[in-house]
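Please examine the sequence and the three-dimensional structure shown below. The briefing that accompanies them is arranged by topic.

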Amino acid sequence: MAFMRYIDLYFKLVAAGIRAQLQYRFAFFMRIVGMLTSYAGTAITMWVMLYQFQELGTWNFYEMLFLFAIAVLSWGFCIILFFHFRSLDTYILNGTFDRFLVRPINPFFHFMAMKFDVASFGQFIFSIFIFIWVSAELQIHWTIANVLFLFAAVIGGVLIQGGLLVIISAFAFWTTKSEQFYWVVMYPARNLTNYPLVIYPKMVQWFMAFVVPFGFVNYFPASVILGKETPYFSENIGYFSPLVGIVFFIIAYYIWMLGLSRYKSTGS
Amino acid sequence: MFNYRLYWTFAKKSFLRSAVYRFDVWSRLGSNVIFLLMWGSIWTVLYAGREEAGGVSFQAMLTYIVVSQFLSGVNGAGTPLWEIQEKVRTGDISLELMRPFDVPLRYLFADFGSVFFYMITALMPLYIILFFFMDLSIPNDPLIWLAFLFAAFIGFLIRYCIEMAFGLLTFFLVETGGVEDIFYFAMSLLSGSVIPLWFFPGWLASFASYLPFQGIYYIPNAIFIGEIAGNQIFTSIGIQLFWVVVTYIFLRLVWKKASQKVVVQGG
């Protein structure tokens, strides 16, 4: 079974990666502290912003925290699996990418399994803490259906954000740049979705729903769970998150493979 | 002796170097516009159609955000913090220590060059168009303009001193991760870059008023929209001048300690 072999291989490669990262315990610890601080910073900024105004549109502070925590949680998984894709350009420029091509496994898989960034504990601690706090404040009813939906939405979010990272890295096959595209596309897109999409002009909302589908990462699922209105969109649109994630990731995979075939043919 | 021509050359060189990396200019401008869109939308929704909130009109508030984004474009166009840290980590900075110039000043003048390039090719055209098409408040009094430009320049120097001193901490700490995030958070919130200090809770506003960060964005922005007016302008610029001196002395101290450390370790 090729599939089982790949799963087994993935965990072997990942275990080697984790051991390498734990060599530098202090750096590892500081990275987690750093992530916690910067997420807390965004949360405090939201709090200060709403100190006088109470609400951003129809969203109050706790609802915004909930929205933010969903994004942080799926970003945490995304860092584990896909974060190193953004530095594909360095591998290509240094010529170290070629080693992924000479082995008898799928290069996409091999590149993905190369790194397993365990420092995203910061994201998990933060988002779980927020979920507990906000659930009490907003009295969210956690039924089994709700929990399953949240779970599916997070998987969708991981695939959407991971898909975008994969597309960004594929740019490196054509332009030998990917890290810079990360800062132009991914970083602002993630910042935009920290706030409910409803505040943006219609064009931007539409763009974030159907072109770079980051709306499905947190805004649409959070609206379903919190029972918020999503003007311009059907109120059940959040249920499509997992499906959008799968489709978007498949597209991203094919773009990456297309770039790869181009890279091979240049023979550089 | 301050060798003016030497440092002027650094500014010119980095101006020319910026012209080569045009992709950087466009990508920076792109994310600047996205953050402008984000904060513009947030404040539009917070005001929710009200003419004024907390004594500040919506038009003035929107102008505050636009000016703030312009200034953060200016402040973000210099040598990035990680580049300095990387030089310290790899030891490349020791090469610069051997040369007959002052490293903090050399980077400041290099920043002048790259910032000037970014301003005339990207920021100015964009923001002139924005002011033309958006309903923003523009000061009529040329003296206000003068005060704003001066305050913005002093703010740039304060930001430079703090950021550079911070970058040099890499000499003493191997891992700056956690500290760095606190620094960036303080820089973005307490400087009033996205939320003006008058909307802060009282205790936080007075806390921020004892810190140098307000000089970077809050004071120039507030002068521009007329929230700081009359004699207050002089006091505010006085506060800025106080902080630029303090942060500069701090930078010199850190630099002295850091370069001594390099000598002791033999590079």
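The model is predicted. In it, 29 residues of chain A are in contact with 26 residues of chain B. Helix α8 of chain A is among the elements that supply at least two residues to the side of chain A that touches chain B.

**Helix α8 of chain A**

- Helix α8 of chain A covers residues 179-192 and has 14 residues.
- From its first C-alpha to its last, α8(A) reaches 19 Å, which is close to the 20 Å expected at 1.5 Å a residue.
- The buried residues of α8(A) are Gln180(A), Phe181(A), Tyr182(A), Val184(A), Val185(A) and Leu192(A).
- These buried residues pack against α7 (144-175) and α9 (202-210) of chain A, together with α2 (22-47) of chain B.
- Asn191(A) also has its place in α8 of chain A.
- Asn191(A) counts as partly exposed because 15 other C-beta atoms lie within 10 Å, whereas a buried residue needs 20 or more.
- Although Asn191(A) and Phe68(A) are 123 residues apart along the chain, their C-alpha atoms are separated by 9.9 Å.

**The side of chain A that touches chain B**

- The contact joins 29 residues of chain A with 26 residues of chain B.
- On the side of chain A, α2 (25-53) and α8 each supply at least two residues.
- The largest share of that side, 16 residues, comes from α2(A).
- By class, the residues on that side of chain A divide into 19 nonpolar, 9 polar and 1 charged.

**Packing of α3 and α10 in chain A**

- The axes of helix α3 (residues 61-82) and helix α10 (residues 219-226) of chain A come within 9 Å and cross at roughly 135°.
- The helices α3(A) and α10(A) are therefore oblique to each other, and their crossing is right-handed.
- Glu63(A), Phe66(A), Leu67(A) and Ile70(A) of α3(A) make the contact with Tyr219(A), Pro221(A), Ala222(A) and Leu226(A) of α10(A).
- The residues of this contact divide into 7 nonpolar, no polar and 1 charged.

**Packing of α2 and α3 in chain B**

- Helix α2(B) and helix α3 (residues 58-75) of chain B pack at an angle of about 160°, with their axes 10 Å apart.
- The helices α2(B) and α3(B) are therefore roughly antiparallel to each other, and their crossing is right-handed.
- Residues of α2(B), including Phe35(B), Trp39(B) and Trp43(B), meet residues of α3(B), including Met61(B), Leu62(B) and Ile65(B).
- By class, this contact has 10 nonpolar, 4 polar and no charged residues.

Note on methods. Residues are numbered from 1 along each chain as its sequence is written. Chains are lettered from A and ligands numbered from 1 in the order in which they are written. This is a predicted model: local features need pLDDT of at least 70, side-chain atom pairs count only at pLDDT 80 or more; totals for chains, interfaces and linings use all residues. Helices (H or I, at least four residues) and strands (E, at least two) are DSSP runs, numbered from the N terminus. The expected span of a helix is 1.5 Å times one less than its number of residues. A residue is buried if 20 or more other C-beta atoms lie within 10 Å of its own, exposed if 12 or fewer, and partly exposed in between; C-beta atoms are placed from the backbone. Two residues are in contact if their C-beta atoms, placed from the backbone, lie within 7 Å. Ala, Val, Leu, Ile, Met, Phe, Trp, Tyr, Cys and Pro count as nonpolar, Asp, Glu, Lys and Arg as charged, and the others, Gly among them, as polar. Axes are lines fitted to C-alpha atoms, for helices over the stretch in contact, and angles run from 0 to 180 degrees between N-to-C directions. Angles under 35 degrees count as roughly parallel, over 145 as roughly antiparallel, 65 to 115 as roughly perpendicular and the rest as oblique. A crossing is left-handed if the near helix is turned anticlockwise from the far one by less than a right angle, and right-handed if clockwise.
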